[in-house]
Amino acid sequence: MKLHAFLATCILIVANIYAQTIPSEQVIPVDELTKYLKKEVQRDLNGEDQSELAKYFREQFSERFFYDYKTFYDRLPHYNSVFANQENHKKRALDHMGKYNDSTQWVMPFNYLNGDPVNAYAMRHLARQHKMVDIALHYFNSGKDPKYIRYFENQMRSLNAALHGGKYETIEDGNGVYEAFRSGYRILNWLWIHNMFLNEAEYSDQDQLITIATLLQHGQHLYERNGQFSPGNHQTRGVSALVMLAILLRDFEGTNLWLERAMQRLGEHLDREINDDGFQFERSVHYHMSDINNYFYVYQLAKINSIEVDPAWEEKLRGLFTTLVKIAYPDRSAPVLQDDTEIPWGEKNDISESMTLGYLLFEDPEFGYFATNKVDNRVYWFLSNDQVKMLEDIKKKKPTYGSLAFEETGYYIMREGWELDNKMMIITAGLDDKKPDHQHGDMLGVQAIANGHAILPNYQVRYSLSDFEFFKNSMVKNVALVDDQLQGRQYTSNKGGSGFGKFLELPNPTLIAWETTNDFDFFAGSHDGFKNVGVDYTRQVMYVKDELWIVKDDFSSDESHEYKQVWQGHYTHENAPNLLRATMPDACGHDIFQLIEADEIENDGTRGKHWSVVTKKAQKDFSFITIIYPYCGYSNRLDENADEMMIGNWKVNKSQWKLDGSNPVSLSSDDGVYLFNVREARSEKLTLKSPDEADLFIKTEDDQFVIYSLDKNERTIEIKTIKGKKMTKTLKPGEVWRLDFN
């Protein structure tokens, strides 16, 4: 037995000695490709004829790729009719060709063809080869001039020459041409182009094999440099591409190792970077959807090639789509969260294309509710022909999710429902401890939608814009601030100079309470962002179901400060400084009303965006208690001329309770009463006391007296009835106390 084991080991060693390892620092010459094939493939080919080898791989791509290239001319008219972007492809193609020689340089500095210098941002996009796809599609849409195929081939060969000569960008966290993210995107684009060109006589056997040889070098490079887990979407993009190469080019020795390593890395990213609550760890909708694409390509190609995917892996992927459902606005868009970069200054995210992918993969009608009859025009070419037909008849089912929390990620959603005019708010209260690079200065910030409008918006950004740092920080968020402090500090740009940057210092959040009831949703949290100036800060948010929000910002310090709230939107000052109003073109709008008087309001803006800053000056301890009241129609606004303010059906400071405390506030209706900053409250039937000022909601229900704590701290509540009966209970934030007096 030992002898057999020894002989087997020797055979394996000899086999490894004579096996050809795909090089990563040079591209295999076409006439040597067969040496790197698996032995059984070499036997089947029975020779080194290039035409036979190219024919073999055309047949393999016909079976293995996302769609059969032989049906390309059937798909192209459908693609053009659905997307109608031939002119855009032309514009982008000519733009790229007008900037770069086909045999371009791959290391900076160098100039565009017009003499202007190529900057870092452009270098990165050259490396991704996005516009090369436009050149390929323009070839088909403009009479098939061979020069477009030649341009693609020559630009690829120029990169190979740069590789062999060591003349390419190498800074991994800067502009590295072979960095995993850029290399992964380039592979995806070149595979797309290669499959489209396989019908074309101008794309010769040798051309096809050069592309395959180039992709093999890329694959080995990714394999060698991704032996360990590295957090972030850059490695994910790279190893996603490596899986595709491993499946499509599995005829070559060593590609089974590529597949094993790449699937292991992707599994690690799913485990470590998709939080248990289903959100991608960088907390951005844009990066969440980017990860969906990374996993989509792998899952899709694995299914086509009958490669088994771990059920847990599949369930995580499905959960990424479910997360988008849970955070979606009632109008089927999604809020802007952190570094969302698709449309700078946009106030919503379009998730329809990602959700369409979810529907195609899982045929879930809840995903279909957000889907459309087309995907992203790039992804179209990675759908099977059967999936393209599915787009003609999408089954839809309206979601039923209500208010909910992503507690690990730190997003809290207060939802009325799924009708177009319904209200929703999202609170951000999380910070990733591993890679907060894409985090904005919006800790405990809120965003809200009502009547189809983003009434408290956040804004998308773009790395290359000069004011990216500004739009990443607190002045363009719905947050509270102290003095001239912003939440994001120590901003630093990356090495490549593309514009991306991050804050080295951000507030650390603490969740105090999250509760949802039939009457209200309650959130309380704090952060340490103002500890450097000696200020303790908490924010409490209450959603009075189907009506309004109450936001309470508490500041406490041993020294006097200016305390501020920042509200995004185009506001007028109806009763300055305590009432802000925004009105939309359809006469819907919202009022922001201060229940405790502020001192001043200032307006500011840039890039067509505006905000108002509400300030209370020279205070040690202070609380903003703020109403966010959406309405539709002039007569439904808060009446700024009324002697007694009514907020819907709620009376301000006109409850049956007599209140003691510093700045006590009440909001009352037949549904109950909200009390803030109350040390003692007296009614005809009982007296309620607390050693410290408390925030409470009180109502009667089924012959019970019900007290909810809406406080940031534990509060001891003593109740004394008119008959002299006393009861005492210490309530945690969000806790309820039910008393039966019968």
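The questions and answers below concern the model shown above.

This is a predicted model, in which local features need pLDDT of at least 70 and side-chain atom pairs count only at pLDDT 80 or more, while totals for chains, interfaces and linings use all residues. Residues are numbered from 1 along each chain as its sequence is written, and side-chain values use heavy atoms, with hydrogens and water left out.

Q: How many helices and strands does the chain have, and what makes a run of residues count as one?
A: The chain has 18 helices and 27 strands. Helices are DSSP runs of H or I with at least four residues, strands are runs of E with at least two, and both are numbered from the N terminus.

Q: Why are Phe-83 and Tyr-380 called an aromatic pair, and why edge-to-face?
A: The structure holds 62 aromatic pairs. Among them, Phe-83 and Tyr-380 have ring centres 5.8 Å apart and planes at 80 degrees. Rings of Phe, Tyr and Trp (its six-membered ring) pair if their centres lie within 6.5 Å; planes under 30 degrees apart count as stacked, over 60 as edge-to-face and the rest as tilted. The pair therefore counts as edge-to-face.

Q: What makes this a link between distant parts of the chain?
A: Phe-83 belongs to helix α4 (residues 72-83), Tyr-380 to the loop between α16 (365-368) and α17 (385-390), and 297 residues separate them. Both Phe-83 and Tyr-380 are buried.

Q: Why is the pair of Phe-321 and Phe-362 called edge-to-face?
A: The ring centres of Phe-321 and Phe-362 are 6.1 Å apart, with 65 degrees between the planes. Phe-321 and Phe-362 are both buried.

Q: How do you know that the charged end of Arg-283 sits over the ring of Tyr-411?
A: The charged end of Arg-283 is 4.3 Å from the ring centre of Tyr-411. A charge sits over a ring if NZ of Lys or CZ of Arg is within 6 Å of the ring centre and within 35 degrees of the ring normal, so Arg-283 qualifies. Arg-186 likewise lies over the face of Tyr-178, at 5.2 Å from the ring centre.

Q: Is Arg-283 called buried or exposed, and why?
A: Buried means under 20% relative accessible area, exposed over 50%, and partly exposed in between (1.4 Å probe, protein chains only). Arg-283 has 2% relative accessibility and therefore counts as buried. Ala-84, at 57%, counts as exposed. Of the 742 residues of the chain, 58% count as buried.
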